[in-house]
Amino acid sequence: MPDWLFAYGSLIWRPDFAYLERRRAVLADHVRQFWQGSHDHRGTPQAPGRVVTLVGEPGRRCAGMAYRLDPATREAVLDALDHREKNGYERRSVSLIDDSGELIEALVYLAPPGNFAWLGEADLAQLAAQVAASHGPSGANADYLRELVVALERLGADDDAHLIELDRQVQRIVRRRIEAGGT
């Protein structure tokens, strides 16, 4: 089993585990999409938020962070991640390319279509309204999106223009709500 783990969502900015090394890496033929429901972190069972998963799309590239796990703590880290990513995610093996061109075999958590929390595609206005309104035990869904956009900017990832536009729309909705006296 690989000693590397690929992060493309919240694990980029909040890994919550020890690692020996990290590198910027890219997963080919996949794209990050806000198609997975979050009933346990950024929403509730009654009002799920949305978080990212990977969707296969030939020719696209998904930038993220690869973490090399310490063999001494690897199983404990994966057990903790299995719990953190329990809302429809599965652990899979993938091949990444780091910035130097090195091939890295890694594990990744992705939520396949049809899992119990799958929400699927929605237009940008619907996504923005749902993300702006959702809140769960881990905080506001809008904060998750903002953190992801900031983390991708720091990585120099320019493959997610739709996330940047989604963030703009969500921030507009949140500002309007605050200006109107809401929270």
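## Salt bridges and the model

A salt bridge is taken here as a side-chain nitrogen of Lys or Arg within 4 Å of a carboxyl oxygen of Asp or Glu, and by this rule the count comes to 18 salt bridges. Side chains of opposite charge can pair when their charged atoms come close.

The structure is a predicted model, in which local features need pLDDT of at least 70 and side-chain atom pairs count only at pLDDT 80 or more, while totals for chains, interfaces and linings use all residues. Residues are numbered from 1 along each chain as its sequence is written, and side-chain values use heavy atoms, with hydrogens and water left out.

## Pairs that link separate elements

The side chains of arginine 84 and aspartate 16 form a salt bridge with an N to O distance of 3.7 Å. Because arginine 84 lies in helix α2 and aspartate 16 in the loop between α1 (10-13) and β2 (21-38), this pair ties together parts that are 68 residues apart in sequence; helices (H or I, at least four residues) and strands (E, at least two) are DSSP runs, numbered from the N terminus. Arginine 84 counts as buried at 12% relative accessibility, whereas aspartate 16 counts as exposed at 59%, where buried means under 20% relative accessible area, exposed over 50% and partly exposed in between (1.4 Å probe, protein chains only).

A salt bridge of 3.1 Å, N to O, joins the side chains of glutamate 21 and arginine 68. Glutamate 21 belongs to strand β2 and arginine 68 to strand β3 (residues 49-68), so the pair ties together parts that are 47 residues apart in sequence. Glutamate 21 is partly exposed at 26% relative accessibility, and arginine 68 is partly exposed with a relative accessible area of 28%.

Arginine 60 and glutamate 57 meet through their side chains in a salt bridge of 3.5 Å, N to O. Arginine 60 is partly exposed, with a relative accessible area of 27%, and glutamate 57 is partly exposed, with 31%.

## The surroundings of arginine 74

Arginine 74 is placed in helix α2 (residues 74-84) and counts as buried at 6% relative accessibility. Its side chain and that of glutamate 75 are joined by a polar contact of 2.7 Å, a term for a pair of N or O atoms within 3.5 Å; within protein, one must be able to donate a hydrogen and the other to accept it, and residues adjacent in sequence count only if both atoms are side-chain atoms.

When neighbours within four places in sequence are left aside, arginine 74 is in contact with Met1, Pro2, Asp3, Leu69 and Leu107, contact meaning heavy atoms within 4.5 Å.
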